[in-house]
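Trainee: Could you take me through one part of this model closely, beginning with a charged pair and then moving on to what surrounds the other charged pairs and the core? I would enjoy a connected account.

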Amino acid sequence: MGQVPIPENLKRFVLLAIPSVPYLEAIILLRSEPNKSWDSKEITQRLYLNDGSGQALLTELKLGGIVVDDEHAPSLCRYQPRTADLQQMIDLLADIYPKNLVEITNLIHSKLNRKAQQFADAFLLRKDK
């Protein structure tokens, strides 16, 4: 399976809307079973995360408009992107990600590295004053 070019709009989406690799993995997991209701413990186990990470991910996914609370059980959530455009972008990401795992992961990490550098630079600027 050869590498597929990542469309520019998908690169922008990853840089703007995907804060971490676990967040991306959670989206793909939840998308794989769109009619299932999930709790944070199951997400934590399925993604091999630390305890508590699943709840934080669910909160982020809700804020990102990717999941909604299950109307029958408020402690559970379901995959339901807020807009059709978001749904299409997630579908594209789910298709491209397995073919470009390293490049997409590097995009996410490059954003995190830039934020860390900006944070470090802010301290240097304060120290110089």
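Mentor: Arg78 counts as buried, because its relative accessibility is 19% and the cut-off for buried is under 20%. Keep in mind that this is a predicted model. The salt-bridge partner of Arg78 is Glu71, with 3.1 Å between the closest N and O atoms. Glu71, by contrast, is exposed, with a relative accessible area of 57%. Side chains of opposite charge can pair when their charged atoms come close.

The count of salt bridges comes to 8. Some of them share partners, and in this way Glu33, Lys36, Glu42 and Arg46 are joined into one network. Let's look at two of its links. In one, Glu33 pairs with Arg46, and their closest N and O atoms are 3.7 Å apart. Glu33 sits in the loop between α2 and β1 (37–38), while Arg46 belongs to helix α3 (residues 40–46), so this pair ties together parts that are 13 residues apart in sequence. In the other link, the side chains of Lys36 and Glu42 meet at 3.1 Å, N to O. As for accessibility, Glu33 is partly exposed at 31%, and Arg46 is partly exposed at 38%. Glu42 is partly exposed with a relative accessible area of 23%, and Lys36 is also partly exposed, at 23%.

Now to the nonpolar side. The largest nonpolar core has 31 residues, and Phe13, Ile18, Leu30, Leu61, Ile66, Leu93 and Ile104 are those with the most contacts inside it. Two or more residues each come from α1, α2 (21–32), α4 (53–63), β3 (77–79), α5 and α6 (101–128). The largest share, 7 residues, is from α2.

Leaving aside neighbours within four places in sequence, Leu93 is in contact with Leu10, Phe13, Val14, Ile18, Leu24, Pro98 and Ile104.

On the α1 side, the contact is made by Asn9, Leu10, Phe13 and Val14, and on the α5 side by Leu86, Met89, Ile90, Leu92, Leu93 and Ile96. By class, this contact has 9 nonpolar residues, 1 polar and no charged ones.

Helix α1 also holds Arg12, which is partly exposed at 48% relative accessibility. Arg12 and Leu107 are 95 residues apart in sequence, yet 9.6 Å apart in space, C-alpha to C-alpha.

Technical notes. Residues are numbered from 1 along each chain as its sequence is written. This is a predicted model: local features need pLDDT of at least 70, side-chain atom pairs count only at pLDDT 80 or more; totals for chains, interfaces and linings use all residues. Side-chain values use heavy atoms; hydrogens and water are left out. Contact means heavy atoms within 4.5 Å. Helices (H or I, at least four residues) and strands (E, at least two) are DSSP runs, numbered from the N terminus. Ala, Val, Leu, Ile, Met, Phe, Trp, Tyr, Cys and Pro count as nonpolar, Asp, Glu, Lys and Arg as charged, and the others, Gly among them, as polar. A nonpolar core is a set of buried Ala, Val, Leu, Ile, Met, Phe, Trp, Tyr and Cys residues joined through side-chain atoms within 4.5 Å. Buried means under 20% relative accessible area, exposed over 50%, partly exposed in between (1.4 Å probe, protein chains only). A salt bridge is a side-chain nitrogen of Lys or Arg within 4 Å of a carboxyl oxygen of Asp or Glu.
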